[in-house]
Amino acid sequence: MVGAAEEAQLNRLENQVDNGGGGAWEYLCLVRKLKVRRSEKVLKHGLSILNNPNKRSKLGGDEWTLHEQVAIAAIDCQCLDVAKGCITALQAKFPESKRIGRLEGMLLEAKGLWGEAEKAYSRLLEEDSLDQVIHKRRVAMAKAQGNISGAIEWLNKYLEIFMSDHDAWRELAEIYVSLQMYKQAVFCYEELILSQPMVPLYHLAYADVLYTLGGLENLQAAKKYYASTIDLTGGKNTRALFGVCLCTVAIGQLSKGRSKEDKESSDLQSLAAMALEKTYKQKAPSKLPLLTANLRNLKLLS
Amino acid sequence: MGFGLAIGVFGVVILAHAAYSTIQYRGLLKILEEEFSGPPVNVVVELLLGLGFCMCAALSVPGKFLSIHPDSEENRIVSLPANLDFMIFNHRGKVFPSETGLKLKC
């Protein structure tokens with residue numbers, strides 16, 4: 001979960017390190033903590049630390065964590081010999097280590113040697129069949145080879161054992177959405193919201209999938225979840241505001257023939273429309289007439 | 001921070017002095033054989049002063065308070081973590097020319 005202040009700090013450090021100021025080690029620690037994927041920068045600055053014997057000795061025990069981080073970044077940037085060098089250095093220091101076995105598996109994956117990587121992972125799983133990361137690497141390998149249904153199968157088996165791993169639920173939801181299997185994606189997002197109810201992005205994604213599914217009940221649920229996103233973000237999420245407006249329009253169209261007795265509070269959409277106008281006035285005043293015209297057409301603004 | 005700490009120490013000293021005064025007052029009342037209904041007015045004033053100083057110190061010494069609102073500008077969630085456990089490596093970055101000359105020495 002990357003907050004706005006953390007992202008600003010990360011960007012500031014990145015600028016500072018790119019332009020030659022110091023602070024590469026803090027930048028690398030922050031990247032590791034926030035789990036962002038900035039492989040090129042990590043590779044460049046990590047190598048600048050590792051190739052400089054002074055800075056290396058200053059790190060002490062942390063230099064092996066840095067080796068691991070640089071190895072993964074090198075694999076991501078396809079600099080396979082750098083990765084091989086890091087892994088060899090790590091193997092010399094920690095022989096018979098599962099973490100390094102995992103790195104070797106990832107290197108084989110990057111080279112495209114899927115069979116060998118599969119063998120390496122199975123061997124590691126024989127020693128410890130409950131290693132979460134190796135299971136996830138197998139899923140990633142199936143996905144990389146294009147075998148999406150195999151990936152779904154592996155991921156479902158993994159989730160039967162480790163039901164509380166919300167990263168895996170999110171991955172499964174995204175795979176289902178990419179295959180347009182929206183009902184299953186809805187189930188995954190529900191699990192995510194159950195485990196982490198205060199993250200507005202999950203509510204937003206859930207509402208999006210419900211809106212895509214369509215149908216009166218789904219649209220009403222989608223409207224509720226857009227509203228809860230607005231609640232959690234203090235009204236600053238433009239997508240949720242638009243979602244509320246569009247859901248109301250869609251519900252109105254669907255229930256045109258039915259009785260209009262249960263007209264729920266029509267305050268929500270007019271308030272959302274007014275909030276949208278205010279946001280656009282502040283941030284993109286040139287697009288405000290476009291927005292106002294559209295909202296008037298949808299009869300959300302008087 | 002030094003100033004806040006000084007105020008805090010001063011507040012604690014005032015409270016200790018108030019406690020001592022009350023004990024002495026009680027001793028005096030025992031000699032005069034009267035009932036102890038409550039501390040005298042100046043001790044109450046001292047107590048309030050001590051409370052004020054200690055509160056100021058407690059708010060200023062520990063440092064800057066962090067924001068707890070989830071929707072405040074610095075706390076709002078910008079992006080979810082990138083799911084590095086499921087990272088795959090056969091993406092289009094393979095065909096981009098990476099910086100050659102990146103080598104791990106020794």
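Met55(B) is found in helix H2 of chain B, residues 41–60. Helices here are DSSP runs of H or I with at least four residues, strands are E runs of at least two, and both are numbered from the N terminus. Before going on, a word on conventions: this is a predicted model, in which local features need pLDDT of at least 70, side-chain atom pairs count only at pLDDT 80 or more, and totals for chains, interfaces and linings use all residues. Residues are numbered from 1 along each chain as its sequence is written, chains are lettered from A and ligands numbered from 1 in the order in which they are written, and side-chain values use heavy atoms, with hydrogens and water left out.

**The chain B helix**

Met55(B) is exposed, with a relative accessible area of 51%. The cut-offs are under 20% for buried, over 50% for exposed, and partly exposed in between, with a 1.4 Å probe and protein chains only.

The UniProt record, an unreviewed entry, annotates residues 42–61 of chain B as "transmembrane region". UniProt positions are in the numbering used here, feature names are shortened, and annotations may be inferred rather than shown by experiment. In the model that span is 95% helix and 0% strand, and its end C-alpha atoms lie 28 Å apart.

**Salt bridges**

Over all chains, the whole structure has 15 salt bridges, each being a side-chain nitrogen of Lys or Arg within 4 Å of a carboxyl oxygen of Asp or Glu. Side chains of opposite charge can pair when their charged atoms come close. Here are some of them:

| Pair | N to O distance |
|---|---|
| Glu14(A) and Lys41(A) | 3.0 Å |
| Asp76(A) and Arg37(A) | 3.0 Å |
| Lys136(A) and Asp85(B) | 2.9 Å |

Take Glu14(A) and Lys41(A), whose side chains meet in a salt bridge. That pair links distant parts of the chain, with Glu14(A) in helix H1 (residues 4–18) and Lys41(A) in helix H3 (residues 39–50), 27 residues apart. Glu14(A) is buried at 11% relative accessible area, while Lys41(A) is partly exposed at 24%.

Asp76(A) forms its salt bridge with Arg37(A). This pair also links distant parts of the chain, 39 residues apart: Asp76(A) sits in helix H5 (residues 63–76), and Arg37(A) in the loop between helix H2 (24–34) and H3 of chain A. Asp76(A) counts as buried at 6% relative accessibility, and Arg37(A) is partly exposed at 36%.

Then there's Lys136(A) with Asp85(B). This pair crosses between chains, from helix H9 (residues 132–144) of chain A to the segment after strand S1 (77–79) of chain B. Lys136(A) is buried at 3% relative accessibility, whereas Asp85(B) is partly exposed at 25%. Back in chain A, shared partners join Glu14(A), Asp18(A), Arg38(A) and Lys41(A) into one salt-bridge network.

**A buried histidine**

His203(A) is found in helix H13 (residues 200–213) of chain A and is buried, with a relative accessible area of 8%. A polar atom of the His203(A) side chain lies 2.9 Å from the backbone oxygen of Pro197(A). Beyond neighbours within four places in sequence, the contacts of His203(A) (heavy atoms within 4.5 Å) are Ile193(A), Pro197(A), Tyr225(A), Ser228(A), Thr229(A) and Leu232(A).

UniProt, in an unreviewed entry, places "domain: EMC2 TPR-like" at residues 100–209 of chain A. That span is 82% helix and 0% strand, with its end C-alpha atoms 39 Å apart.

**Positive phi in two loops**

Most residues other than glycine have a negative phi. Lys35(A) has a positive value near 55°; Lys35(A) is in the loop between H2 and H3 of chain A and is partly exposed at 47% relative accessibility. Glu96(A), also not a glycine, has a positive phi of about 60°. Its place is the loop between H6 and helix H7 (98–111) of chain A, and Glu96(A) is exposed at 84% relative accessible area.

Terms used. Polar contact = N/O pair within 3.5 Å; in protein donor to acceptor, adjacent residues only side chain to side chain.
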